[in-house]
Amino acid sequence: MGFDDKNLEIPETLPMLPVRDIVVFPYMILPLFVGREASIRSVEEALAKSRFIFLASQKEITEENPTEETIYQVGTIARIMRMRKLADGRVKILIQGEAKGRITKFVKSSPNFEVAVERITETDQKDLAVENEALMRSAREQIEKIIALGRSLSPDILLILDDVTEPGRLADLIASNLGLKVSDAQRVLETSDPVARLKAVVEILGSELEVLSMQQKIRSQAKDEMSKGQREYFLREQMRAIKSELGEQDQKGEEMEELRDKVTKAGMPEPVHTEALKQLGRLERMHPDASEASMLRTYLDWLIDLPWSKATEDNLDLDRAKIVLDEDHYELAKAKDRILEFLAVRKLKSDAKKGPILCFCGPPGVGKTSLGKSIARSMGREYFRVALGGVKDEAEIRGHRRTYVGAMPGKIVQALKQVKTKNPVIVLDEIDKLGSDYRGDPSAAMLEVLDPEQNHAFRDHYLNVDFDLSNVLFIATANVLENIPPALRDRMEVIQISGYTENDKLLITKKHLIDRQIEVNGITDANIEFTDDGIRYLISAYTREAGLRNLEREVGSVCRKVAKGFVLGNKDKVTVTAEKVAELLGPPRFIRDEKMTEPQVGITTGLAWTQAGGEVLLIEALKMKGKGGLVLTGQMGDVMKESAQAAMSYARAHAVELGIDEDWCDNYTVHVHIPAGAIPKDGPSAGITMATALISLMTDTPVRSDIAMTGEVTLSGRVLPVGGIREKALAALNHGVKTVLIPFQNQKDVQDIPEEFRKQLSFIFVEHLDEVLQMALDNALDEKLGKAKRQGTKAGKKSKDAAAASAA
């Protein structure tokens with residue numbers, strides 16, 4: 001249909017359709033969805049007559065039932081081109097605006113509107129052709145700029161605008177495509193003068209152009225400071241720029257002032273305070289949403305939160321500290337004495353800053369870590385445990401540099417922030433499990449932390465300022481001291497914590513473990529009672545450890561079985577005897593080797609040290625026809641094999657003195673075996689034991705069954721000192737052997753054995769293998785030894801017996 005509307009024949013009255021959120025202009029073709037009942041009647045009436053309908057906009061969009069007063073008087077006469085009824089009861093119509101009209105009279109308003117309409121005609125403005133052309137060009141240029149700035153319009157709009165030569169029609173066409181507010185569009189529609197109407201549209205276009213230019217400026221400002229693809233950041237920049245245009249101030253100044261106040265009150269040393277203010281100044285000059293701003297803010301928060309001047313007051317009451325330490329742990333006298341000594345020094349010299357850096361070394365489960373917590377409680381200090389097992393990155397200790405994304409301080413600084421004091425007790429757990437790889441060696445980073453001469457100025461890479469660690473009481477724990485690098489080991493005061501004896505475990509179980517497991521498993525003393533025999537059997541037959549973890553598990557297992565019986569109806573009190581333990585837990589898991597009841601040739605009782613305590617080893621030697629040679633089995637390590645070779649060499653070199661046939665080694669092959677072949681064994685302490693077994697075999701002399709021994713042997717027959725005397729002696733006692741041969745230089749170690757057990761043992765200190773043979777082999781060998789040698793060993797025995805008597 002063309003745009004020539006002068007010849008339209010329009011009825012005097014037309015059905016009226018109120019529209020909510022749009023103003024329909026002449027020449028517009030658009031679909032409308034009609035849902036109100038009165039509006040549907042108007043559509044049906046128009047279709048039944050001339051298909052013309054009058055479209056007028058509502059003043060209030062939300063009004064459901066408009067009245068004559070809430071409908072604009074000026075609207076558009078439109079033709080219904082198509083109509084389709086929808087499934088939901090609504091009607092969809094396609095209309096085309098034909099001409100403007102003004103309501104002169106409301107003929108009826110129910111059940112639908114019918115109005116008398118006066119057509120609005122426009123006058124020609126031929127005398128203003130130049131001005132009209134200028135306005136029209138201006139309008140076209142502005143619409144092009146609007147499209148260039150990103151406003152979404154129909155792509156064909158520019159082609160259509162070029163074909164329009166009348167200012168009124170150009171104004172209507174532009175206004176109908178801009179999506180104006182109802183009030184602005186109605187103002188344009190009601191302007192009858194074409195030039196004035198075009199001027200109003202140009203004015204609207206100018207305002208729209210300013211808004212789009214500002215939006216483009218906002219985008220440009222945001223994109224200069226944001227990373228590619230950060231949509232969230234872009235939206236925040238838009239909001240900030242809009243607030244800036246509106247004159248609203250943000251809260252940045254107030255936030256910076258609050259940070260400055262916190263820095264002042266943090267009690268930082270002067271160099272740290274200066275650095276904090278410097279970084280705060282950088283943050284103030286920085287854009288608040290810049291990526292580095294969040295990093296600086298986090299850094300300042302760390303500086304503020306660290307306890308630069310906050311410390312807890314030490315409890316210097318030695319009596320109370322001793323009571324607390326004894327409550328939590330049995331024995332461990334050396335560690336407890338060292339803490340009491342530290343408190344005594346602090347009491348006498350309050351300005352003493354350097355605290356001890358202790359290392360508790362011992363097998364698992366003996367209470368090293370919990371002792372650190374007990375020390376903190378006895379001193380009234382905060383406690384923190386740093387787990388070092390498996391740490392391979394140096395930055396875990398010293399922190400990451402702030403240039404890295406996600407950088408954090410090291411574990412030491414994190415611990416100080418958490419405890420909020422500068423003098424806590426920090427337990428460096430499993431320090432012997434530190435690893436190293438391409439990221440660095442954390443044990444090297446620990447050198448500064450644990451050096452009293454350096455840690456007063458410890459510098460974390462993240463903080464990049466000095467922090468005083470001299471007030472911190474560091475306690476390291478380790479299982480194997482040899483795994484700690486020598487430089488790090490040198491900085492610590494090592495306190496060896498040996499495994500518990502069977503008697504120790506009995507007392508600890510009665511004092512701590514039973515009560516704890518009874519409470520954990522929901523029973524009471526009225527349901528269960530442990531006897532000493534039952535506990536001892538539980539210790540010896542179901543656990544094999546130096547510590548207490550497995551023992552506590554077994555006690556818990558007994559308690560759980562009693563709890564199950566109680567729930568099932570057994571209300572009787574259960575007395576846990578040795579027989580009851582076997583009934584509840586099944587057959588024993590560990591059975592001790594039987595003690596040799598009589599002397600035997602080639603079998604010697606040796607002593608060994610393990611992580612779980614001392615062990616008794618029966619070393620067996622066997623001869624067989626052959627061409628000489630030595631066979632070693634039983635998972636022996638290199639050092640133990642060398643000890644066997646040294647013992648064999650000594651026996652062959654002293655064959656005449658020992659009464660061994662000269663052809664013996666050429667006619668026999670010797671096989672030495674240590675039972676429990678699946679368990680690896682190593683170390684030099686079985687030297688005299690293997691030598692005794694070999695010489696017993698070669699001389700066909702039985703070895704006494706009531707003697708156990710340990711010591712390293714040299715090619716010249718000297719007996720050298722070994723470790724683990726305490727554990728080995730207690731293992732011999734548990735095995736029923738009460739005479740123990742140990743190296744003369746190990747006399748000092750006998751004092752570490754509890755007195756109650758020391759009294760039950762007879763220690764013989766030896767310096768030479770001849771003395772070992774004199775004591776261990778049956779007297780039958782005495783007849784084979786030369787008289788001179790025999791007298792020498794007797795004289796040595798007298799001096800060693802005197803030393804043994806003094807030690808006992």
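Predicted model: local features only at pLDDT ≥ 70, side-chain atom pairs only at ≥ 80, totals over all residues.
Residues are numbered from 1 along each chain as its sequence is written. Local features need pLDDT of at least 70 and side-chain atom pairs count only at pLDDT 80 or more, while totals for chains, interfaces and linings use all residues; side-chain values use heavy atoms, with hydrogens and water left out.

**Loops and backbone**

Most residues other than glycine have a negative phi, and most peptide bonds are trans. Start by selecting serine 110 and proline 111: the peptide bond from the one to the other is cis, with omega near 0°. Proline 111 sits in the loop between strand 5 (91-108) and strand 6 (114-119). Helices (H or I, at least four residues) and strands (E, at least two) are DSSP runs, numbered from the N terminus.

Next, select arginine 51, in the loop between helix 1 (37-48) and strand 3 (52-57). Arginine 51 is not a glycine, yet has a positive phi of about 70°. With a relative accessible area of 34%, arginine 51 is partly exposed. Buried means under 20% relative accessible area, exposed over 50%, and partly exposed in between (1.4 Å probe, protein chains only).

Then go to glutamate 430, in the loop between strand 9 (425-429) and helix 16 (442-449). Glutamate 430 also has a positive phi, of about 60°, although it is not a glycine. Its relative accessibility is 26%, so glutamate 430 counts as partly exposed.

**A helix pair**

Select residues 129-148 (helix 2) and 167-178 (helix 4): their axes come within 10 Å and cross at roughly 20°. Axes are lines fitted to C-alpha atoms, for helices over the stretch in contact, and angles run from 0 to 180 degrees between N-to-C directions. Helix 2 and helix 4 are therefore roughly parallel (angles under 35 degrees).

Now show the side chains: Asn132, Met136, Ala139 and Ile143 in helix 2 meet Pro167, Leu170, Ile174 and Leu178 in helix 4.

**Arginine 197**

Finally, select arginine 197 in helix 6 (residues 194-225). Is this residue buried or exposed? Its relative accessibility is 0%, so arginine 197 counts as buried. Its side chain makes a polar contact with the side chain of aspartate 172, at 2.8 Å. A polar contact is a pair of N or O atoms within 3.5 Å; within protein, one must be able to donate a hydrogen and the other to accept it, and residues adjacent in sequence count only if both atoms are side-chain atoms. Leaving aside neighbours within four places in sequence, arginine 197 is in contact (heavy atoms within 4.5 Å) with residues including Lys100, Glu122, Asp172 and Ser192.

Notes
Parallel < 35°, antiparallel > 145°, perpendicular 65-115°, else oblique.
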